[in-house]
Amino acid sequence: MASSALICDTEQWKALQAHVGAIQKTHLRDLMADADRCKAMTAEFEGIFLDYSRQQATRETIEKLLKLAEAAKLKEKIEKMFKGEKINSTENRSVLHVALRAPRDAVINSDGVNVVPEVWSVKDKIKQFSETFRSGSWVGATGKALTNVVSVGIGGSFLGPLFVHTALQTDPEAAECAKGRQLRFLANVDPVDVARSIKDLDPETTLVVVVSKTFTTAETMLNARTLKEWIISSLGPQAVSKHMIAVSTNLKLVKEFGIDPNNAFAFWDWVGGRYSVCSAVGVLPLSLQYGFPIVQKFLEGASSIDNHFHSSSFDKNIPVLLGLLSVWNVSFLGYPARAILPYSQALEKLAPHIQQLSMESNGKGVSIDGVQLPFETGEIDFGEPGTNGQHSFYQLIHQGRVIPCDFIGIVKSQQPVYLKGETVSNHDELMSNFFAQPDALAYGKTPEQLHSEKVPEHLIPHKTFKGNRPSLSLLLPQLSAYEIGQLLSIYEHRIAVQGFIWGINSFDQWGVELGKSLASQVRKQLHGSRMEGKPVEGFNHSTSSLLARYLAPSTPFDSTVLPKV
Ligand SMILES: O=P(O)(O)OC[C@H]1O[C@](O)(CO)[C@@H](O)[C@@H]1O
């Protein structure tokens with residue numbers, strides 16, 4: 001395929017389009033009756049079991065998708081990523097988050113330089129700093145040990161670390177290591193989020209970690225200045241060096257902000273924001289909370305999937321199969337959304353993280369060569385842990401729109417509970433739903449079944465489930481730091497596979513820029529109107545009237561105000 005050609009022009013794409021009709025004539029009820037098919041549509045790695053038999057697909061579909069992968073040069077693209085080639089061409093950058101979790105003796109080059117030693121030198125620095133911090137040797141301005149950490153960052157500098165922190169909180173080993181400590185996040189520039197993040201915290205015992213790849217993100221910098229003021233107003237300006245540290249690729253701006261460069265932790269432009277949880281962005285705050293050894297296990301889990309992804313044949317490769325099936329659902333069956341449904345409360349922040357990872361990566365309108373795409377890319381990701389979601393949006397998934405679902409289950413709960421005399425343990429109760437829902441979606445319930453149950457005639461249409469709704473099941477043996485890392489890496493690579501097949505750049509995010517620049521025009525107006533009484537001008541009628549209404553009770557602040565809760 002020539003570099004500017006589109007994947008949709010290939011024979012392999014057209015063969016899949018032609019195959020859709022045959023699939024649409026089938027029903028999952030019938031496909032599921034073929035035990036050999038179901039057996040074939042599974043994959044396993046280190047006890048992680050993927051069952052994709054409830055996809056609207058046959059073995060022929062998978063063969064055709066594997067041929068599409070060849071046409072898209074998927075193998076070569078994965079190889080280029082691992083070799084540090086500048087596959088993020090619009091920013092002229094390598095894409096090397098895999099180097100962040102590679103073993104110490106690995107060799108991964110970017111610009112001809114092996115980046116692994118640099119990665120490990122930052123990890124060693126984090127290990128040392130977190131040990132000093134956790135031992136109580138690092139003391140604040142008043143001589144007290146610090147036990148609370150507020151991590152200030154947004155987007156990729158927030159969602160991945162929040163996901164991992166939330167998942168580790170109830171893992172017994174990690175929880176033991178975190179006893180007596182708190183890790184909080186401040187992301188939104190909404191002052192209400194500032195108030196929440198510092199509620200009941202004492203600056204005397206709090207460390208603020210400012211996390212920003214660029215160190216220019218408006219929200220993060222205002223929040224960082226706000227917490228700096230919170231510290232200074234209570235402990236004086238000299239306290240900043242003991243109570244504020246940073247993670248960034250822009251160490252010059254970190255220094256200008258007033259943070260001691262010795263307490264700054266670097267990462268590199270070859271780490272995309274949404275792929276940065278395995279850099280100091282996640283490793284530092286998580287090590288402060290749980291200790292470096294727990295975080296190292298998480299990194300090892302991610303690395304195990306990197307190896308599986310890099311070396312397994314595509315027909316047994318979990319991220320590749322997942323990516324291909326998503327392309328099938330979006331581009332051929334026309335399903336625009338994907339529900340992420342972990343049957344684990346510990347994974348409650350998985351869906352918000354995947355929303356950024358997937359939608360910022362694959363929500364693109366042009367090919368990597370800038371050619372307008374005649375097909376849609378990306379999907380609308382959303383989700384909620386089961387069973388909560390069942391009592392919320394599952395109605396639509398069962399009888400309304402068709403939304404392919406990822407069901408994620410855990411064999412061994414982080415927190416087993418059993419009440420003597422109950423039919424099943426609490427985790428078995430949860431997992432009963434994990435096993436039941438995919439079949440309910442696939443098989444549905446026919447009017448004939450309802451008749452045989454003597455359901456009143458007028459209720460038959462309401463109680464009919466058409467079924468034939470695709471899902472896949474991912475069963476993890478347990479949910480320790482290691483498996484959390486594996487899950488993260490599975491989704492990272494799956495999303496990259498989708499982008500590689502669609503022929504887009506999954507590693508830039510130009511679509512976030514326009515809103516940012518318009519906000520700066522509004523910011524200028526708000527300042528001018530509040531401080532100098534300037535009239536609203538330069539906006540359309542709608543925005544002008546909204547702004548006028550917003551500015552009406554104009555009483556500018558004339559001194560620093562911090563949250564009161
Ligand atoms: O880490 P930074 O530079 O503050 O950026 C935060 C986030 O902002 C974005 O650039 C756009 O939302 C994300 O890609 C990134 O994760």
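Trainee: What should I know about the model before we start?
Mentor: This is a predicted model, in which local features need pLDDT of at least 70 and side-chain atom pairs count only at pLDDT 80 or more, whereas totals for chains, interfaces and linings use all residues. Residues are numbered from 1 along each chain as its sequence is written, and side-chain values use heavy atoms, with hydrogens and water left out.

Trainee: Which residue of E8 stands opposite valine 208?
Mentor: Strand E7 (residues 206-211) pairs with strand E8 (residues 244-248) in the parallel sense, over four bridges. Opposite valine 208 stands methionine 244.

Trainee: Is H5 parallel or oblique to H14?
Mentor: Axes are lines fitted to C-alpha atoms, for helices over the stretch in contact, and angles run from 0 to 180 degrees between N-to-C directions. The axes of helix H5 (residues 74-82) and helix H14 (residues 292-311) come within 10 Å and cross at roughly 140 degrees. Angles under 35 degrees count as roughly parallel, over 145 as roughly antiparallel, 65 to 115 as roughly perpendicular and the rest as oblique, which means that H5 is oblique to H14.

Trainee: Which residue of E2 is the bridge partner of glutamate 44?
Mentor: Strand E1 (residues 42-45) and strand E2 (residues 48-51) run antiparallel and are joined by four bridges. In the hairpin of E1 and E2, two residues lie between the strands, and glutamate 46 takes a positive phi near 45 degrees. The partner of glutamate 44 in E2 is phenylalanine 49.

Trainee: How far is an oxygen atom of the ligand from an N or O atom in the side chain of threonine 214?
Mentor: A polar contact is a pair of N or O atoms within 3.5 Å; within protein, one must be able to donate a hydrogen and the other to accept it, and residues adjacent in sequence count only if both atoms are side-chain atoms. A backbone N or O atom of glycine 156 lies 2.7 Å from a ligand oxygen, and for a polar backbone atom of lysine 213 the distance to an oxygen atom of the ligand is 2.7 Å. For the side chain of threonine 214, the distance is 2.6 Å.

Definitions and conventions. Two strands pair if DSSP finds at least two bridges between them.
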